[in-house]
Amino acid sequence: MPLKLATETTPPILFGEGIVTIEETDVLLEALKEHPGLCVDLSGCEHLHTAPLQTLRLLKVPIAALPHGNFWKFCLDPCPLTLAPSKETDTP
C-alpha cells in the first residue's frame with residue numbers, strides 16, 4: 001500500500017511510498033479525519049497523482065519530507081513545510 005500511517009509518533013505521520021494513485025485519496029482523507037494533526041512524509045514517493053496532491057494543498061497538510069527535487073516544493077507550496085530548508089538546485 002502506497003500510504004502507511006505511523007500513529008506511534010507525535011504527530012502521527014502518513015508515509016507516501018512508490019506510486020500514490022487517485023485511489024489513495026480516500027485513504028488520505030480518512031487518515032486526516034481520524035488524526036487531525038497528521039503530518040505527511042513524501043520522501044519515498046516516486047509519483048503522486050494530482051488528486052491526493054490537490055487534497056494536501058487544499059487542506060494545507062504539514063509536510064515532513066519531500067521527494068528529491070525542488071519541483072515538489074513548488075507543487076506543495078501552500079502546505080506548511082516542517083522540514084529543514086534545502087540547498088537543492090533542481091528545476092522542474
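1. Overall layout. The model is predicted. The chain contains 3 helices and 4 strands, and from the N terminus on these elements run β-β-α-β-α-β-α. Of the 92 residues in the chain, 40% are buried. Among contacts in the chain with a separation of 6 or more, 43% are between residues 24 or more positions apart.

2. Helix 2 and what follows. Helix 2 covers residues 50–59, and the residue after helix 2 is Lys60, with a positive phi near 50 degrees. Within helix 2, the buried residues are Ala51, Pro52, Leu53, Thr55 and Leu56. Their cover includes strand 2, helix 1, strand 3, strand 4 (63–65) and helix 3 (70–75).

3. Helix 1. This helix spans residues 24–34. Glu24, Thr25, Leu28, Ala31 and Leu32 are buried in helix 1. Viewed down the axis of helix 1, these buried residues fall within an arc of 125 degrees, so they line one face of the helix. An α-helix has 3.6 residues a turn, so residues three or four places apart point the same way. Asp26, Lys33 and Glu34 are exposed on the other side of helix 1. The buried residues of helix 1 are covered by elements that include strand 1, strand 2 and helix 2. Helix 1 is also among the elements that cover the buried residues of helix 2.

4. The cavity. A search of the whole structure for cavities of 30 Å³ or more gives 1. About 50 Å³ of space lies in the largest cavity. Its lining consists of Leu3, Leu14, Val20, Leu28, Val40, Leu42, Leu48, Pro52 and Leu56. Strand 2 (13–20), strand 3 (39–48) and helix 2 each give two or more residues to this lining. Strand 3 supplies the largest share, 3 residues. By type, the lining residues are 9 nonpolar, no polar and no charged.

5. The salt bridge. The structure has 1 salt bridge. The partners are Lys4 and Glu17, whose closest N and O atoms are 3.2 Å apart. Lys4 lies in strand 1 (residues 3–6) and Glu17 in strand 2, so the pair ties together parts that are 13 residues apart in sequence. Side chains of opposite charge can pair when their charged atoms come close. Lys4 is partly exposed, at a relative accessible area of 41%. Glu17 is partly exposed too, with a value of 35%.

6. Pro11. This residue sits in the loop between strand 1 and strand 2. Pro11 counts as partly exposed, at 37% relative accessibility. Leaving aside residues up to four places away in sequence, Pro11 touches Gly37 and Cys39. From Pro11 to Gly37 the separation is 26 residues in sequence, but 6.0 Å in space, C-alpha to C-alpha.

Technical notes: Residues are numbered from 1 along each chain as its sequence is written. This is a predicted model: local features need pLDDT of at least 70, side-chain atom pairs count only at pLDDT 80 or more; totals for chains, interfaces and linings use all residues. Side-chain values use heavy atoms; hydrogens and water are left out. On a 1 Å grid over the protein atoms alone, a cavity is a set of points where a 1.4 Å probe fits but cannot get out, and a pocket is an open set with protein on both sides within 12 Å along at least five of seven lines; lining residues have an atom within 4 Å of a point. Grid points are joined across faces, edges and corners, and a volume is the space filled by probe spheres set on the points. Ala, Val, Leu, Ile, Met, Phe, Trp, Tyr, Cys and Pro count as nonpolar, Asp, Glu, Lys and Arg as charged, and the others, Gly among them, as polar. Buried means under 20% relative accessible area, exposed over 50%, partly exposed in between (1.4 Å probe, protein chains only). Contact means heavy atoms within 4.5 Å. A salt bridge is a side-chain nitrogen of Lys or Arg within 4 Å of a carboxyl oxygen of Asp or Glu. The arc is that of the directions from the helix axis to the C-beta atoms.
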